[in-house]
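Reader: I'd like to go through this model with you before I set anything up. Could you take my questions one by one?

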Amino acid sequence: IWQKFTAPEGMDLESVQRSFCRHVTKTLARTAHNMDDFAAYQALALGVRDRLIDKWNITQQHHTKMDPKRIYYLSLEFLLGRSLDNALLNLDIKELYRDALKQLGFRVEDLVNEEVDAALGNGGLGRLAACFMDSLSTLNVAAWGYGIRYTYGIFQQRVVDGYQTEFPDYWLNFGNPWEIERLDVTYEVRFRGYVNKIVEDENTVRYVWEGGDKVVAVAYDVPIPGFDTKNCINIRLWSGKPQKEFDFASFNEGNYEKAVEEQKTSENITAVLYPNDNHMVGKILRLKQQYLFVCATLQDVIRRFKKTSRPWSDFPGQVAIQLNDTHPTLGIVELQRVLIDEEGLSWADAWDIVTKVYSFTNHTVLPEALEKWAVPLVADLLPRHMMIIFDINLFFLQDVERKFPHDRDRLRRMSIIEEGHPQYVRMAFLAIVGSHTVNGVAELHSNLIKNVVFKDFVEYFGAAKFTNVTNGVTPRRWLYQCNPRLASLITEKLGTRAWLKDLSQLKKLSVFADDQQFQAKFMEIKYLNKVRLSEYIRTHANVTIPPDFMFDIQVKRIHEYKRQFMNILSVIYRYQRLKGLTKEERAKEVPRAVIFAGKAAPGYFIAKLVIKLINSVAEIVNKDPDVAQLLKVVFIPNYNVSLAEVIIPASDISQHISTAGTEASGTSNMKFVLNGGLILGTVDGANIEIGEEVGEENIFFFGKLADQVEEVRHANRYRRSDVDPKLRVVIDLIDQGVFGDPRIFEPLVSTLTVGGDYYIISADFESYITAQDVVDKAYKDKAGWSKKAVMCTALMGKFSSDRSILDYCKRIWKVTPCAVP
Ligand code: 26Y
């Protein structure tokens with residue numbers, strides 16, 4: 001009976017339709033006459049969810065039987081975006097559903113647009129975690145993602161009077177079909193309290209952490225289907241709630257208000273995602289999030305491990321935990337605490353296990369992004385952990401001292417505790433000391449880590465502990481899903497869709513790079529994608545962009561190091577240049593649409609001013625008839641994953657122009673090139689490796705190199721007001737009020753002069769403008785450009801997240817696949 005009634009959903013039209021109608025009438029309690037597209041989306045999603053759960057169950061049963069080494073990917077951010085279209089494609093049921101729904105009067109394409117994004121992340125780091133989950137599932141790795149189920153994801157951005165304004169992201173208001181609430185999977189998490197020292201005999205003392213307040217973490221599971229596999233893995237997200245939701249004593253006394261007070265007043269730890277990208281803000285609630293996260297996760301991991309009654313010495317062979325940046329680093333301390341205080345292991349045995357289990361990925365070298373927590377804050381919230389951190393540091397520094405005797409400055413530099421008033425815990429150092437492997441996310445970045453940022457640690461631990469795993473992106477979402485026409489063309493040309501699981505096969509496209517017919521098809525698809533984006537911009541930003549303009553796109557978080565400011569300055573330069581041209585000269589110019597999108601951290605004043613400047617420039621340029629045929633500028637509000645899926649396939653050129661040495665990798669650069677868009681970029685992050693793959697002739701590099709930046713900065717200290725002459729022209733226009741009241745922009749403009757121009761915009765400006773001209777020239781040669789675009793797509797095989805994940809599996813986690821047969 002059981003088998004009969006739990007059989008997986010059928011793969012025929014009728015099964016799909018039956019499931020759809022059942023969810024409409026039974027789950028949603030609506031009727032055919034009382035439903036809109038959103039209800040249809042919900043019913044469709046619930047039907048797909050049923051299929052995911054079938055696969056999820058099969059996968060978990062298989063893993064339980066085989067008991068393979070589990071990979072745990074710990075990340076405070078998962079930027080998943082929408083799930084429906086992705087699930088339909090990964091399960092290979094999109095055609096089936098399209099036909100089934102057509103007969104019911106719905107278009108799948110309309111319904112997938114009803115979904116709200118799951119935006120539990122800020123930018124690159126969170127989206128990388130999401131791509132990695134897709135690859136782990138597709139590659140049949142027995143992996144789990146762990147994260148936080150924020151009630152509010154990254155804020156919604158609107159533009160009011162040219163300024164960014166933030167609104168809450170009510171993503172759960174209409175329910176979330178992609179999560180399975182596990183009210184039975186809960187763990188207690190303690191905060192504050194005191195540490196009791198128990199002397200058992202002369203040789204043994206134990207510490208017990210007691211008292212304080214407890215909260216409860218509840219699990220929500222998000223199934224992640226692999227592509228072309230039975231495998232479906234899981235992201236387990238924790239939601240916090242107060243332990244006592246209800247005060248029965250007060251209730252019985254008739255004090256109903258007080259009975260629910262705790263629930264009302266205790267701030268919900270997992271309520272909101274911190275909206276800072278690459279910028280540390282030492283808020284106690286954030287530390288609480290981090291601890292709730294690692295505490296619940298480790299209890300879950302350990303419970304799973306204990307089911308098989310293995311000895312603790314087996315733990316490192318069965319468990320690998322990857323730290324997505326330092327945000328989950330408390331997990332190192334928590335595991336050590338559990339092993340010594342609760343499981344009774346010796347310090348040495350416990351530490352041996354801990355350091356075999358953890359590995360750590362660094363995503364940034366920006367000093368303001370390196371996490372450090374004030375010791376008094378940690379000691380108050382997590383008293384036992386603070387003791388353990390001091391002990392870890394003591395044993396570590398004793399060892400450093402043995403290896404490098406009489407080098408006190410080295411001890412000061414390497415200490416996990418930064419001295420001062422107050423002292424701080426340096427989380428990156430703690431992560432390095434507690435991990436067996438540390439990796440950066442692109443070659444240049446990993447080298448900077450080794451030779452500059454963590455140099456002392458390389459000298460102490462040896463170079464083998466530090467490695468590179470270049471980032472990648474999932475070709476399922478970032479080509480197959482977001483650019484279906486190009487995906488079909490590729491499959492048609494290669495005669496197989498095997499490239500979706502082995503992206504290196506794209507190189508077979510390169511033989512068609514000179515084929516005029518193929519070029520024409522390729523560029524026709526690009527054109528249609530530009531039409532789609534142009535339509536979006538018209539309806540959402542009220543700017544009309546002819547699709548035959550060159551689409552020049554910069555979309556990413558707004559940050560000084562990413563230099564959107566330099567981009568808009570160069571737009572002003574172009575604007576004044578075009579205005580100075582004769583009619584004949586204008587006819588030779590390439591019409592360009594410069595497209596921006598991205599969120600600024602709400603507290604990042606300068607970044608928000610950049611948005612205002614972009615909008616002010618757009619306003620002037622877009623209404624100026626002198627340049628109407630040649631230049632458009634637009635800021636598209638509320639950049640997110642689903643918007644990226646519309647923007648990225650439509651680029652002719654995209655900009656990745658960080659100051660050399662500051663962008664660890666970048667991952668959107670990979671997405672753009674994969675979709676046949678060229679890069680204008682600095683010699684930074686993964687741009688370098690993209691250049692190596694596609695060839696110098698297919699990428700536009702400019703600017704100072706990473707090892708020249710310090711010297712420029714040094715020179716800047718004596719420069720003050722004598723900026724690059726072309727930049728001077730631009731600054732003068734802003735100062736004259738051409739783009740509105742110059743007093744508004746003064747704090748931004750002065751970063752170029754009195755601010756010391758830390759991101760060396762002035763030193764790179766000439767080279768940047770020249771590179772823009774080279775781009776224009778190349779674009780005029782239609783055949784030449786088409787060939788470049790084809791070669792870009794063809795040579796991007798390296799940048800699949802499948803390759804990254806296989807790299808982690810082989811070199812860091814030492815794990816092989818465990819596929820559901
Ligand atoms: C400390 C905390 C406030 C914090 C929060 C978010 C610190 C950093 C971040 C996010 C960092 C981030 O997204 N880094 C990006 O990671 C990508 C994936 O590796 C890289 O491609 C990108 O260059 C890097 O900026």
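Reader: How are helix 24 and helix 31 oriented to each other, parallel or perpendicular?

Author: This is a predicted model, and in it the axes of helix 24 and helix 31 (residues 725–735) come within 9 Å and cross at roughly 90°. An angle of 65 to 115 degrees counts as roughly perpendicular, and therefore helix 24 and helix 31 are described as roughly perpendicular to each other.

Reader: Which residues make that contact?

Author: On helix 24 the contact is made by L569, I572, Y573 and Q576, and on helix 31 by K726, L727, V729, V730 and L733. By class, the residues of this contact divide into seven nonpolar, one polar and one charged.

Reader: Okay, backbone next. Where does R563 sit, and what is its phi?

Author: R563 is in the loop between strand 19 (550–555) and helix 24 (564–579). R563 has a positive phi of about 60°, although it is not a glycine.

Reader: Is R563 buried or exposed?

Author: R563 counts as buried, because it has 27 C-beta neighbours inside 10 Å, and the cut-off for buried is 20 or more.

Reader: And what about N278, what does its phi look like and where is it?

Author: N278, which is not a glycine either, also has a positive phi of about 60°, and N278 lies in the loop between helix 10 (261–265) and helix 11 (284–306). N278 is buried as well, because 22 other C-beta atoms lie within 10 Å.

Reader: Speaking of peptide bonds, which one is cis, and what is its omega?

Author: The peptide bond from H421 to P422 is cis, with omega near 5°. P422 is found in the loop between strand 15 (417–418) and strand 16 (424–426).

Reader: Switching to the domains: how is the chain divided?

Author: The domain assignment gives domain 1 (1–66 + 83–114), domain 2 (69–78 + 117–470 + 809–813) and domain 3 (475–799). The C-alpha centres of domain 2 and domain 3 lie 35 Å apart, and 38 residues of domain 2 are in contact with 35 residues of domain 3.

Reader: Which elements of domain 2 give two or more residues to that side?

Author: They are helix 7 (124–138), strand 5 (156–160), strand 6 (163–167) and helix 19 (443–453). Helix 7 gives the most to the side of domain 2 that touches domain 3, with five residues. The residues on that side of domain 2 divide into 14 nonpolar, 16 polar and eight charged.

Reader: What about the core, which residues touch the most other members?

Author: The largest nonpolar core has 233 residues, and those that touch the most other members are L44, Y72, L292 and V617. Leaving aside residues up to four places away in sequence, L44 touches F20, L84, Y97, L101 and L111. In general terms, nonpolar side chains tend to be buried together in soluble globular proteins.

Definitions and conventions:
Residues numbered from 1 in each chain as written. Predicted model: local features only at pLDDT ≥ 70, side-chain atom pairs only at ≥ 80, totals over all residues. Helix = DSSP H or I, 4+ residues; strand = E, 2+ residues; numbered from the N terminus. Buried ≥ 20, exposed ≤ 12 C-beta atoms within 10 Å, placed from the backbone. Core = buried A, V, L, I, M, F, W, Y, C linked by C-beta atoms within 7 Å. Contact = placed C-beta atoms within 7 Å. Domains from an automatic or database assignment. Nonpolar A, V, L, I, M, F, W, Y, C, P; charged D, E, K, R; others polar. Axes fitted to C-alpha atoms, helices over the stretch in contact; angles between N-to-C directions. Parallel < 35°, antiparallel > 145°, perpendicular 65-115°, else oblique.
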